[in-house]
Amino acid sequence: MPDPNERWEDNVAGAWYVDKSCIFCGLCPQLAPNNFRESEDGTHDVVYKQPDTDEEKTQCQDAAAQCPVQAIGSDG
């Protein structure tokens, strides 16, 4: 279960986030490339853009559902 209190600080502000349980598998940038990417230090993935369109929201939901450690959350 994603923990909003453990979200990486380099996520952009907004509902969607990646928390510190991320194992840096690279799946979320593959599934939602408009919203997730590798962190600057190359140790985890982050939300770099909150989803704007229905397609992006669906892709983020898919990434969250497929995350092997449930590190992707949304407070929205």
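Visitor: How far is the sulfur of C25 from the closest cysteine sulfur?

Guide: This is a predicted model, in which local features need pLDDT of at least 70, side-chain atom pairs count only at pLDDT 80 or more, and totals for chains, interfaces and linings use all residues. Residues are numbered from 1 along each chain as its sequence is written, and side-chain values use heavy atoms, leaving out hydrogens and water. A disulfide is a pair of cysteine sulfur atoms within 2.5 Å, and the count of disulfides comes to zero. For C25 the closest cysteine sulfur is in C67, too far for a bond, because the separation is 6.0 Å.

Visitor: Which cysteine has the sulfur nearest to that of C60?

Guide: C60 is in no disulfide, and the nearest cysteine sulfur is 8.9 Å away. C60 counts as buried, at 1% relative accessibility, where buried means under 20% relative accessible area, exposed over 50% and partly exposed in between (1.4 Å probe, protein chains only). The nearest cysteine sulfur belongs to C28.

Visitor: What is the volume of the largest cavity?

Guide: A cavity, on a 1 Å grid over the protein atoms alone, is a set of points where a 1.4 Å probe fits but cannot get out. Grid points are joined across faces, edges and corners, and a volume is the space filled by probe spheres set on the points. The count comes to one cavity of 30 Å³ or more, and the volume of the largest cavity is about 90 Å³.

Visitor: How many charged residues are in the lining of the largest cavity?

Guide: Lining residues have an atom within 4 Å of a point, and here there are 14, with C22, C25, C28, C67 and I72 lying nearest the centre of the cavity. Ala, Val, Leu, Ile, Met, Phe, Trp, Tyr, Cys and Pro count as nonpolar, Asp, Glu, Lys and Arg as charged, and the others, Gly among them, as polar. By this sorting, the lining has 13 nonpolar residues, no polar ones, and, as for charged residues, one.

Visitor: How far apart are the C-alpha atoms of I72 and V47?

Guide: I72 is found in strand β4 and counts as buried, at 7% relative accessibility. Contact means heavy atoms within 4.5 Å, and, not counting residues up to four places away in sequence, I72 touches several residues, including W16, F36, A63 and C67. V47 and I72 are 25 residues apart along the chain, yet the separation of their C-alpha atoms is 9.1 Å.

Visitor: In which loop does Q70 lie?

Guide: Most residues other than glycine have a negative phi. Q70 has a positive phi of about 55° although it is not a glycine, and this residue is partly exposed, with a relative accessible area of 45%. Its place is the loop between α2 and β4 (72-74).

Definitions and conventions: On a 1 Å grid over the protein atoms alone, a cavity is a set of points where a 1.4 Å probe fits but cannot get out, and a pocket is an open set with protein on both sides within 12 Å along at least five of seven lines; lining residues have an atom within 4 Å of a point. Helices (H or I, at least four residues) and strands (E, at least two) are DSSP runs, numbered from the N terminus.
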